[in-house]
Amino acid sequence: MTQAREAVRRALACVDEPAYLALDDGARLPQTAGPAVVTRMLERLEVEPGHRVLEIGTGSGFTAAVLSRLVRPGGHITSIDIDARLTARAAKLLESDGCRNVRLVTGDGTRWVPDSRYDRVIAWVAPVRVPDVWVRQAVPGAVLVSPVHLAPLARAMAVVRLRRGPAPDRLAADLLMPGGFSEARPEPHDHWPVPSYGVDALTRDAAGRMWWVAAEWLRAHEPAVGMRLLELMITDGWHTPWPVPGERGADLHAYLMAARPEGLTTAALGAQGWGAGYSQPDGVALVGPADDLFVAGAPAAAERLHRWAREWRERGRPGMADLEPRLHRRGSGWDVRAVIP
């Protein structure tokens, strides 16, 4: 791991990130993952010189440039993006950066990838499940790193590391870590605030800020139930400090994604990011992005969330790093679920 970390550090230092992210009008190309998450994912990929790497989600081309340096001249990168505008832009930047070992492809990388054999696979978008096509074209012993959905809810994500066995149906997961990404979609999109997977109701407030809610129980009700809940959140919602200072909301989020209790909910809170917690038709209680509590409607919702938090504390406050990934074969891919040891 130390060697991989040092190799990634050197490669990152060789790439001018602002040159890849800067747009002609002076703005920056949106990135869904922060530098720390990108670095950790590249480290866990364990790339070595000479490797053939498949990248899903070219984006700015920055990570393709980093991978190009990690595999060195003896290796090769195949990078795919759904947006032809991005692959065309990245092609020019990579050419000017001297990255001659990168092939750019436009297409839906969750359904099709160029026929080849890959030593490493990394994705910067979250598929609903790990696609078979990645595993089939990975060589035995290959490492795959990708964001995945841990529950059928918007933003219920983590990053998983997988290792392919001697046959395509032999796949093992050995690591989970935090990471939020844009969902994989079959067409280009510019609406970053709206998840494409798992949202059950959405609206905007008077200031035009996006609010959405995702909860499995909502799927058994008429759409109006979700809209009424959102209206309650917008008009009646309020923030209060979390009762135990120093507890990390992200750790409680991870625990809930593993436990998946009835009523588990994720929701966007206008300008306040998003949170996870509990909802019912007349109330909601969420742990927000600032490790605070967002409450609206019936007090029973907050009482339920506090009960979940007590259970979490009794189990030692496990976070994402404490959870174990489990794979389940489903249709044309693999579902990833988190388990509390």
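In the predicted model, an open sheet of 7 strands has the order β3-β2-β1-β4-β6-β7-β8, and its pairing is mixed. Strands here are DSSP runs of E with at least two residues, helices are runs of H or I with at least four residues, and both are numbered from the N terminus. Two strands are taken to pair if DSSP finds at least two bridges between them. The edges of the sheet are β3 (102–106) and β8 (171–177); each has a single partner strand, so one side of each is left without a neighbour in the sheet. On average, neighbouring strands of this sheet are turned by 15 degrees against each other, direction ignored. Axes are lines fitted to C-alpha atoms, for helices over the stretch in contact, and angles between N-to-C directions run from 0 to 180 degrees.

Within this sheet, strand β6 (residues 138–149) pairs with strand β7 (residues 157–164) in the antiparallel sense, over 7 bridges. Val148 has Ala158 in β7 as its bridge partner. Helix α4 (residues 62–71) packs on the sheet and touches β1 (52–56), β2 (76–81), β3 and β4 (118–123), where contact means heavy atoms within 4.5 Å. The direction of α4 makes about 165 degrees with that of β2.

Residues are numbered from 1 along each chain as its sequence is written. As the model is predicted, local features need pLDDT of at least 70 and side-chain atom pairs count only at pLDDT 80 or more, while totals for chains, interfaces and linings use all residues; side-chain values use heavy atoms, with hydrogens and water left out.

Arg136 lies in helix α6 (residues 132–136). At 47% relative accessibility, Arg136 counts as partly exposed; buried means under 20% relative accessible area, exposed over 50%, and partly exposed in between (1.4 Å probe, protein chains only). Leaving aside neighbours within four places in sequence, Arg136 is in contact with Arg117, Arg164 and Pro168. Arg136 and Asp169 are 33 residues apart in sequence, and the distance in space is 8.5 Å, C-alpha to C-alpha.

Another open sheet is formed by 7 strands in the order β9-β10-β12-β13-β14-β15-β11, with antiparallel pairing. At its edges stand β9 (201–204) and β11 (238–241), each with a single partner strand, so one side of each is left without a neighbour in the sheet. Here neighbouring strands are turned by 25 degrees against each other on average, direction ignored. Helix α7 (residues 223–236) packs on this sheet, touching β9, β10, β11, β12, β13 (274–280), β14 (283–287) and β15 (292–297), and its direction makes about 40 degrees with that of β9. Helix α8 (residues 249–259) also packs on the sheet, where it touches β12, β13 and β14; the direction of α8 makes about 50 degrees with that of β13.

Strand β12 (residues 264–269) is joined by 5 bridges to strand β10 (residues 210–215), which runs antiparallel to β12. Ala214 has Thr266 in β12 as its bridge partner, and Ala215 stands opposite Thr265. With β13, β12 pairs in the antiparallel sense over 5 bridges; Ala268 has Trp274 in β13 as its bridge partner. The two strands β12 and β13 form a hairpin with 4 residues between them, and Gly270 in the turn has a positive phi of about 60 degrees. In a regular strand the side chains alternate between the two faces of the sheet. In β12, both faces are covered: Leu264, Thr266 and Ala268 on one side and Thr265, Ala267 and Leu269 on the other are all buried.

Gln280 lies in strand β13 and counts as buried at 15% relative accessibility. A polar contact of 2.6 Å joins the side chains of Gln280 and Asp282. Such a contact is a pair of N or O atoms within 3.5 Å; within protein, one must be able to donate a hydrogen and the other to accept it, and residues adjacent in sequence count only if both atoms are side-chain atoms.

In helix α8, 9 of the 11 residues are buried, so α8 is largely enclosed by the rest of the structure. The cover of these buried residues includes β12, β13, β14, α9 and β17 (333–339). The axes of α8 and helix α9 (residues 299–314) come within 11 Å and cross at roughly 95 degrees. The contact involves Asp251, Leu252, Tyr255 and Leu256 of α8, together with Trp308, Ala309, Glu311 and Trp312 of α9.
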